[in-house]
Amino acid sequence: MHRLRTCAAKLRPLTASQTAPKFSQKRPAAPRTFQPIRCYTAPVAAEPFLSGTSSNYVEEMYYAWLENPKSVHKSWDIFFRNANAGAPPGMAYQSPPPLGASLSGLAQVQSLVNAQPNVEKLVEDHLAVQSLIRAYQIRGHHVAQLDPLGIMDADLDSVVLSDLITSPDKLGFYGLDESDLDKVFRLPTTTFIGGNESALPLREIIRRLEMAYCQHIGVEFMFINDLDQCQWIREKFEKPGVMQFTLEEKRTLLARMVRSTRFEEFLQRKWSSEKRFGLEGSESLIPALKTIIDKSSENGVETVIMGMPHRGRLNVLANVIRKELEQIFCQFDSKLEAADEGSGDVKYHLGMYHRRINRVTDRNITLSLVANPSHLEAVDPVVQGKTKAEQFYCGDTDGNRVLSILMHGDAAFAGQGIVYETFHLSDLPSYTTHGTVHVVVNNQIGFTTDPRMARSSPYPTDVARVVNAPIFHVNADDPEAVVYVCNVAAEWRATFHKDVVVDLVSYRRNGHNEMDEPMFTQPLMYKQIKKQKPVLQKYAEKLIAEGAVTRQEYEEEISKYDKICEEAHARSKDEKIMHIKHWLDSPWPGFFTLDGQPKSMTCPSTGLGEEDLGHIGQVASSVPVEDFTIHGGLSRILKGRGEMIRNRTVDWALGEYMAFGSLLKEGIHVRLSGQDVERGTFSHRHHVLHDQNVDKRTCIPMNHISANQAPYTVCNSSLSEYGVLGFELGFAMASPNALVLWEAQFGDFHNTAQAIIDQFICPGQAKWVRQNGIVLLLPHGMEGMGPEHSSARPERFLQMCNDDPDVLPKISEDFAVRQLYDCNWIVVNCSNPANYFHVLRRQILQPFRKPLIIFTPKSLLRHPEAKSSFDDMLPGTRFLRLIPDNGAAAQAPEGVRRVIFCTGKVYYELTRERKTRGLEAQVAISRIEQLSPFPFDLVKAEAEKYPEAELVWCQEEHKNQGYYDYVKPRIRTTIERTRPVWYAGRDPAAAPATGNKNAHLQELKRFLDTALNLDSFQSRV
Ligand SMILES: Cc1ncc(C[n+]2csc(CCOP(=O)(O)OP(=O)(O)O)c2C)c(N)n1
Ligand SMILES: [Mg+2]
């Protein structure tokens, strides 16, 4: 290839730099010389001296010569050799010697030579034309007329590149001149501009390229490394006559524009001082989305899951999803009362789910818009996860039935890193949704910020290039162009199952919201906007001029929709109560009672029969397929597991195995995702076995538990937290009958997913009455490994719990389950595998769903004492919210001088130290396993059991971190402040842990001494 290019370059003695005076120039304001019109009519001018076949013949000769000089006739060999050696134009050609071989070949060459003595020029010009065509395909979008306002270049650059022919003098760049314009050139196979014609005059070639690439559509695709995909796109945009609409289609489009425009106008008339983040200036978004949905429905899609920001959201709800208008209008009533529990959300964040008939295809379609927080783009991975889950549950392995559409603002799409993280999930086997259609509402502004200050890339969409997604920029003031690209985008997704982007270049008629003054910061832009005729008006006038509709029909369409709005408005006044449940994006049919309550308020035992424990243990310790060679180290691990099972014990990994395996057996899908989760960061899990002799041969024993089990998905994720946690949250949203877990590599890494935790997981139910049972596994523990990797930041999760530290709740029989039902999430730190097993199973067996945060251990994974017996997992057993002391202290509680409350791994350090000091009878150690909701009842019982004892909270974390600030007021409330609660732990610090191993051990020694020295608090009383 390189050789070919070099030869070709040498064959053209006049290089671009020699002919073109400069490489670029400012884009001229004057109209282009080759300004095309929209229909292709010019016939191919007849060329008297050169048939298309002969130029093709020269090309063929040339390429054949490049491959093998002996394969062509001697005359061609000499010619190409001379040219290649740099012979000046006209000197390379020598008359061919007499030929004795093929007569027809001779005739052809003779005719060619007679017709065009300067064959060299012919080759040269053809190569030039080929380059010119390619230049338009690659860079035509840079000069496309994309900005409806005509003031800003969509790529933020007003330079017109030299290789785009905006005036005849630019032909010189290619060694051509005006006299070549009427010469006919054979077209290469990499263009479709010819339609049925294989050769065209240069003038017509340029005109057609301008038509395809430089009008209201800018196609960015030549970076795609797949020839078929490039050809597919070229055909869609280059083929003459592709952008033609039937009368019916034009009228439908006009009706959709009427709805989109009049909806905003109606809201503006009725509630002029309310924020609604209107769509004015980008109204074509509505027909754009409807086109994508219609086309996808035609291609078999049954469910569309959408995510979008504030801009135009109400319009999408009304005119795309078809939420009843009165339900939308009533939300503008400030006296509307909330009917559901929770705190609700503003109207332009709520989600929606609607099943209806698609009128164009007459097929059923389910549309859902996922509720989202204000955090721009945070919903992207959530939508993808939900889409993946919907595909998974309906067996849609190729994404033919379920489609996701993501909408974006231009500033957010370019600025938010989560967009990039989400794109990187798009082609990973366990995360792909088989192509997403992205629509960017590119109103060329972000709040008050000019795009030139908001991004460094030419377009806001450049981030999509990393996954080779084609990008269709389109001027939103040309609704037909918008509809056309949306059709192509939907077809692309159906054909290639890959992401695609529609960049709707538009403007924002008002301020950021309707109360905002845009002239403060964008005076010139807004002067132009004030003059700008609304797109509906422009399009209506166009159709009226064409005779596609009459003015009267247009006006009737408007009055018809205005009347629909007025009537809905009248009805909306009857709505006095707002049901957030009506805005659910993911209903779980059958999981709740009809009025949305849990079917019971009890949780059965989470224990498991001995036989099941044995069977799952056996699967966990074997290789269930034949002829599969595992690593020697792994063999030893499996052998160790086998021994544990024979001894009826489990370690952490086996406890997890028992929980997952049993749920799978009961038909519950389990999905574990995160970085390196398949093996486990700490090499303890090994859920995917790798054949040591065969590349990519793997085995997942968990899928060999029983014949009718649910499938187990365990997947190493990309190195992302924000994206992947968002994705798993979305996956968990789709169904209550799955255990979906995300594991952080180390607990502290969850902070790069903070928006998902703060905006979705913690308040999701309160904002959107939507439950979610996602589990976060966050490795946590001070192991002397330095400030990173030590703390999963329990304090942050605990600080966001919604239980009141100062009020002792009424303790009833169903206290434990009620507490779980009322909380916003559950936070646990299990100290043994059995409790971990139970809490995982409880997550599914309880009659509602709550997010579960588990601080998981590191050193405890292999700690000889951190093992559990089958006895603690048998039927009748359950998760222990608090594990009381059951040793000598518990036998004689009245003699106990101190009760130490703690959680997690420090328990083992405390018991060892207590033993060393011989204090088993004087000190009781109580483990709080469920930190939140706080086990007030059990802590109370523990405190009352030891009336003479001092109460101490001991933690290995620093005082301003960990659990202390959360547990202290709650213990005090529990005991009604009758006794002090002392602290034993590390001093306050800025970093979570020291980087010095020695300092770490010193600190440990010091706080253990405080915890177990019975005089430590004497002086402070
Ligand atoms: C993560 C995040 N940062 C900041 C904001 C505040 N904010 C709300 S809208 C907006 C501008 C968004 O511009 P763009 O994405 O172009 O959308 P547009 O409003 O123009 O439709 C900003 C900065 C936010 N909502 N989310
Ligand atoms: Mg914007």
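## Around ligand 1

A backbone N or O atom of Ser374 lies 2.9 Å from a nitrogen atom of ligand 1, which falls inside the limit for a polar contact (N or O atoms within 3.5 Å; within protein, one must be able to donate a hydrogen and the other to accept it, and residues adjacent in sequence count only if both atoms are side-chain atoms). This is a predicted model, where local features need pLDDT of at least 70 and side-chain atom pairs pLDDT 80 or more, while totals for chains, interfaces and linings use all residues. Residues are numbered from 1 along each chain as its sequence is written, chains are lettered from A and ligands numbered from 1 in written order, and side-chain values use heavy atoms, without hydrogens or water.

Who else is around? The ligand is surrounded by 15 residues, the closest being His310, Arg311, Asp410, Ala412 and Asn443; a residue is counted if one of its heavy atoms lies within 4 Å. Helix α14, residues 410-415, gives the most to this shell, with three residues.

## The magnesium ion

Ligand 2 is a magnesium ion, and its protein donors are Asp410 (OD), Asn443 (OD1) and Ile445 (O), lying 2.0 Å from it. Donors here are N, O and S atoms within 2.8 Å of the metal (3.2 Å for Na, K and Ca); water is not among the atoms, so the site may look incomplete. Along the chain, the donors follow the spacing D-x32-N-x1-I. Asp410 and Asn443 have turned up already, as they are also among the residues closest to ligand 1.

Buried means under 20% relative accessible area, exposed over 50%, and partly exposed in between (1.4 Å probe, protein chains only).

## The whole protein

Zooming out, the protein has 34 helices and 30 strands, counted as DSSP runs numbered from the N terminus (helices: H or I, at least four residues; strands: E, at least two). Of its 1021 residues, 59% are buried. The protein exposes about 40,600 Å², with carbon and sulfur atoms supplying 51%. Among contacts (heavy atoms within 4.5 Å) with a separation of 6 or more, 81% are between residues 24 or more positions apart.

## Nonpolar cores

The largest nonpolar core holds 194 residues, and Phe329, Leu776 and Trp953 have the most contacts inside it. Such a core is a set of buried Ala, Val, Leu, Ile, Met, Phe, Trp, Tyr and Cys residues joined through side-chain atoms within 4.5 Å. Helix α17, residues 479-496, gives the most to this core: 10 residues. Another core, of 54 residues, lies apart from it, and includes Val670, Tyr712, Ile844 and Phe879.

What does Leu776 touch, leaving out residues up to four places away in sequence? The list is Leu725, Trp742, Ile757, Ile761, Phe797, Leu852, Ile853 and Ile854.

## Two lysines

Lys386 belongs to helix α13, residues 379-393, and is buried, with a relative accessible area of 1%. Its side chain is joined to that of Ser586 by a polar contact of 3.1 Å. Beyond neighbours within four places in sequence, the contacts of Lys386 include Ile305, Val370, Asp585, Gly730 and Phe731.

Lys542, in helix α19 (residues 535-546), is partly exposed at 32%. Its side chain makes a polar contact of 3.3 Å with the side chain of Glu480.

Most residues other than glycine have a negative phi, and most peptide bonds are trans. Ser932 and Pro933, though, are joined by a cis peptide bond, with omega about -5°. Pro933 is in the loop between β28 (930-932) and α32 (936-945).

Two arginines have a positive phi. For Arg793 the value is about 60°; this residue is in the loop between β21 (775-779) and α27 (794-799), and is buried at 17%. Arg977 has a phi near 55° and is found in the loop between α33 (964-974) and β30 (981-986). Arg977 is partly exposed, at 46%.

How values were computed: Accessible areas come from the Shrake-Rupley method with a 1.4 Å probe; for residues, only the protein chains shown count as cover.
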